[in-house]
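Please view the structure alongside the points below.

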Amino acid sequence: MRIVFFGEDSFSAVVLESLILAKHKLVAVFCPYHKNNIHTRLKLVCERNEISFKRVPDINSEDVQNLLEHLNLDLIVVCHFQKILKKNIIDIPKLGCVNLHPSLLPNYRGMAPQHWPIINGDNETGVTVHFINEGVDTGDIVLQKKIPIDLDTYVSDLQKNMLSVYRTIMKESIDLISKKDFFFIKQNHLVGSYYGRLKESHCIIDINKGYIEAYNLIRGISMPYYGAKFGDFRIWKASIAEKKMNYQIQQEFTTNGIYFDSKWGDFIKFADGSLIIEKYSNI
C-alpha cells in the first residue's frame with residue numbers, strides 16, 4: 001500500500017519500522033513542531049530508509065492537504081500524534097486513516113492512556129487500532145490486543161510490553177483492512193471513558209485516601225514522568241508493607257504521614273495500610 005505516516009516520537013518510530021519491514025510503500029512521514037528533540041528517532045528511521053520527513057506547524061493546513069492529495073494514497077497511518085485530524089485530511093486516502101491508541105477503546109479515549117489504567121488500579125489494558133473520524137478516538141475498531149497489568153507493573157514496564165505489540169499490530173491491522181469481507185467494530189453504541197492530559201496536579205499523594213490508591217499513583221507516573229509528590233519529596237518506587245510490618249507500623253506510629261530512617265526504614269503510613277519507600281528524591 002501507499003502510506004503516509006503521522007508520528008512524533010520513538011514509540012511511533014517502532015510502528016514505522018514495522019511497516020517498512022512489511023514492504024509497504026512509505027511515501028512520507030509528517031511530524032508536528034515541538035520545542036524538543038522527541039522526533040529524533042523517527043527522523044533517523046526516515047533517513048536510513050530514504051523516506052521524506054516533514055515537520056509541519058499545522059497538519060490540517062491547506063498546504064499539507066494539497067500535498068497529500070497529489071500522493072495517490074491508500075492509507076494514512078497515525079501513531080502517538082497529538083494533533084486532531086480534520087475532515088479535509090481524513091477524506092484524502094482511499095481506505096481512510098487509522099490510528100494506534102494505547103488503550104482498549106472505548107476506555108481511556110483522549111490523553112495519557114498508558115498512565116490512567118495503572119492509576120485507576122485496572123488489571124488489564126491494551127492497544128487498539130481504529131479508523132479516524134471527526135471525534136476523539138471514536139472511529140471503528142480494526143484490531144485490539146490485551147495486555148495484563150500486574151500489581152507490581154510500573155508505567156515503564158507497561159510501555160515495554162506495549163512496544164512488543166506495536167511491532168505487529170499495525171501490520172496485522174492493514175492486512176485486515178485489505179480484506180473486503182472484514183467487519184470492523186462500531187464504537188457509536190459504546191460509552192467508554194475519556195481522560196485529559198496528565199498534569200502535575202494529578203500527581204499529589206492524598207494521605208486521607210487509601211494506601212492502594214497512592215501505590216497505584218506511584219506506579220502510574222514514575223520515571224520517566226512526574227513522579228508522585230508527597231510534601232517535599234517525589235516518590236519513584238514503593239512496595240506494599242507486609243501484614244506483620246504494617247501492623248507494627250500502625251501500632252507504633254499514630255499519625256499518618258511520611259517517615260524516614262525509622263527502624264522500619266522509609267515509609268508512608270496511611271489509615272488503612274503502609275507503603276515502603278524504595279526510591280525517592282527531594283523536590
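A pocket, found on a 1 Å grid over the protein atoms alone, is an open set of points with protein on both sides within 12 Å along at least five of seven lines, and its lining residues have an atom within 4 Å of a point. The model is predicted: local features need pLDDT of at least 70, side-chain atom pairs count only at pLDDT 80 or more, and totals for chains, interfaces and linings use all residues. Residues are numbered from 1 along each chain as its sequence is written, and side-chain values use heavy atoms, with hydrogens and water left out.

**Second largest pocket**

- The second largest pocket has a volume of about 200 Å³, a volume being the space filled by probe spheres (1.4 Å probe) set on grid points joined across faces, edges and corners.
- Its lining consists of Trp116, Ile119, Ser201, His202, Ile204, Ile205, Asp206, Lys209, Gly210, Glu213, Ala214 and Leu217.
- Two or more lining residues come from each of α5 and α7; helices are DSSP runs of H or I with at least four residues, strands are runs of E with at least two, and both are numbered from the N terminus.
- The greatest contribution to this lining, three residues, is made by α7.
- By class, six lining residues are nonpolar, three polar and three charged; Ala, Val, Leu, Ile, Met, Phe, Trp, Tyr, Cys and Pro count as nonpolar, Asp, Glu, Lys and Arg as charged, and the others, Gly among them, as polar.

**Largest pocket**

- The largest pocket has a volume of about 1,100 Å³.
- Of the 38 residues that line the largest pocket, His80, Gln82, Met111, Ala112 and Pro113 lie nearest its centre.
- Strands β4 (75-79) and β5 (97-101) each supply at least two lining residues, and β5 gives the most, with three.
- The lining of the largest pocket comprises 18 nonpolar, 15 polar and five charged residues.

**Helix α7**

- Helix α7 (residues 211-220) is largely enclosed by the rest of the structure, because seven of its ten residues are buried; buried means under 20% relative accessible area, exposed over 50%, and partly exposed in between (1.4 Å probe, protein chains only).
- The buried residues of α7 are Ala214, Tyr215, Asn216, Leu217, Ile218, Arg219 and Gly220.
- The elements that cover these buried residues include α5 (116-119), α6 (155-177), β10 (228-230), β11 (233-240), β13 (265-270) and β14 (273-282).

**Salt bridges**

- The whole structure contains eleven salt bridges, each defined as a side-chain nitrogen of Lys or Arg within 4 Å of a carboxyl oxygen of Asp or Glu.
- Glu200 and Arg234 form a salt bridge with an N to O distance of 2.1 Å. This pair links distant parts of the chain, 34 residues apart: Glu200 is in the loop between β9 (194-195) and α7, and Arg234 is in strand β11. Glu200 is partly exposed at 35% relative accessibility, whereas Arg234 is buried at 14%.
- Lys209 and Glu213 also form a salt bridge, with their closest N and O atoms 3.5 Å apart. Lys209 is partly exposed at 41% relative accessibility, and Glu213 is partly exposed with a relative accessible area of 41%.
- Glu252 and Lys263 meet in a salt bridge of 3.4 Å, N to O. Glu252 lies in helix α8 (residues 243-252) and Lys263 in the loop between β12 (257-262) and β13, so the pair ties together parts that are eleven residues apart in sequence. Glu252 is partly exposed at 41% relative accessibility, while Lys263 is exposed at 62%.

Terms used. Contact means heavy atoms within 4.5 Å.
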